[in-house]
Amino acid sequence: MSRGPRPPPAVDARPESPAGCVAEPLRDWIRTRTGISITDQNQAPVELAVRIEAERHGLDPARYLQRLLSGGLPPQAFIDAVATNESYFFRALEQMRVVVTRLIPERLARRPGQPVRILSLPCARGEEPFSLAILCEEHRIPPQSVQLVGGDISATCVADAGRGLYSPLALRRTDPELARRWFTPAGSRAWQLEPALLPRVELRRLNLLADAEVVLARRFDIVFCENLLIYFDAETTVDALAVLGRLLVPDGWLFVDHAEWNIPRGAFRMQEFDGCVGFRPPGAPAAGTSASGPRTGRVADAPSRGASTPSPTRIPAPLPTRASGPAASPVSRPLPRPARAAPAAPLRGSALTTHLAQAQVHYRAKRFAEALSAFDAVLTADPGHPLARLGKARVLADCGEDFEALEIAESLLHGAAAGGLKLAPADQVEALVLMGLLLHKKGLKDLAQGYLREVKRHDPHHPSLGLLRPHRPGDADA
């Protein structure tokens, strides 16, 4: 985004939110329907969702909320708006490697003719289950040997997954050679997944807490449930783990993100297998064992806390790779196993400044994947860093991830308005411009006008004001 002349200091550069729009009744409504716990720290995206959906229905926010909470409006669009959808391919690569090279072959050998069932929940836009589908193809595991199911509470995400169209950021951790085999360019800012892969994944709109056990009548050998439990409070986490336990076969595996390794131990037993940590129902036999056979891989009960990543071990040679695929690609080879580095020291002081500068250099050069990685590294060290938040929002916006960009920019403005974040006036204007342009792009022009009027108040000559219509009596600011 271009930056205009530096404006004078601003106290609050954010249009007013409807008073009490994230009060207890709405928080309870969200928790009941999604399990997500809304707090003062993560309420800004919810406020934004209220304003967006209110404009879509031609209602003021208070009237929209009244109708939503009373059941007068279908809830799915609002649920889609508050759900977090950002993901990318091969996000859980270590777990996927063990699943494809060890667990699937082991189960197929023990149960000839019986497919291995794998669930990805939440699956976002399909990045996780389609990553597994790609690895199954690369290792020549026939489609009839593995049943892949992807589920998400967001109907929008499930529909997007069915199209198989992704932004460049979704491929930011994908080996370039693998990307060339399984994706083709679709315009200047999108990649199309190989259409032959789409039928390998059954996609369903699922609510883990409400209907997953009914919709998914049969149990699964392996469940990926990454980055969901972190959004739940303690009580909801216990309920979710109980459902996950019932969705698994008695000797199944549950994989969660390392930030979620502190799950209640009564529900699952933490176990390491070939350098990969997973969770198993109580009483499940050690991986690689059978009633008559020895272990075939390194297995150990993992430590009770996930403070460090297990040391790496050698993964056995994969099954023969396919000689050709849907696009008649050359002989494939397994992805190189990345070396696991020792935990990096937290970024501080000059190192943090250097990393932020590198992120901005990557962004200006349109190396968006590298920029996002660098901004995320800064945010890992300092989650409230305003310039890193703004930088990440810009990257997401430039890559077509509009809702994620809107949520981050709104959270940034919310924090600055509340006094918890120190944001330079020019950067406040930049965040406002980003909000205004993205909302205008999505056809939410009335809502965009409130942000653009704030831009005009602080920077009367900003180029974005070409979208600002004359203020008419009765116009609302936001």
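Which helices do the buried residues of H16 pack against? They pack against helix H2 (44-56), helix H14 (402-418) and helix H15 (425-441).

## Ground rules

This is a predicted model, where local features need pLDDT of at least 70, side-chain atom pairs count only at pLDDT 80 or more, and totals for chains, interfaces and linings use all residues. Numbering starts from 1 along each chain as its sequence is written, and side-chain values use heavy atoms, leaving out hydrogens and water.

## Helix H16

Let's stay with H16, which covers residues 445-458. Helices here are DSSP runs of H or I with at least four residues, strands are E runs of at least two, and both are numbered from the N terminus. From first C-alpha to last, the 14 residues of H16 reach 20 Å, close to the 20 Å expected at 1.5 Å a residue (the expected span is 1.5 Å times one less than the number of residues).

H16 is mostly covered, with ten of its 14 residues buried. Buried means under 20% relative accessible area, exposed over 50%, and partly exposed in between, using a 1.4 Å probe and protein chains only. Among the buried ones are Leu447, Tyr451, Arg453, Glu454 and His458.

## Strand E2 and its partners

Six of the seven residues in strand E2 (residues 146-152) are buried, so the rest of the structure largely encloses this strand. E2 runs parallel to strand E1 (residues 116-120), joined by five bridges, and also parallel to strand E6 (residues 201-205), again through five bridges. Strands count as paired if DSSP finds at least two bridges between them.

E1, helix H6 (residues 127-138) and E2 make a right-handed β-α-β unit; right-handed means that, with the strands pointing away from the viewer, the path from the first strand over the helix to the second runs clockwise.

## Cysteines

Taking a disulfide as a pair of cysteine sulfur atoms within 2.5 Å, the count is zero. The closest cysteine sulfur to that of cysteine 157 is in cysteine 123, 7.4 Å away and therefore too far for a bond. Cysteine 157 is buried at 1% relative accessible area, and cysteine 399 is buried at 2%.

The average pLDDT (the predictor's confidence in each residue, from 0 to 100) is 81, and 81% of the residues score at least 70.

Key:
Contact = heavy atoms within 4.5 Å.
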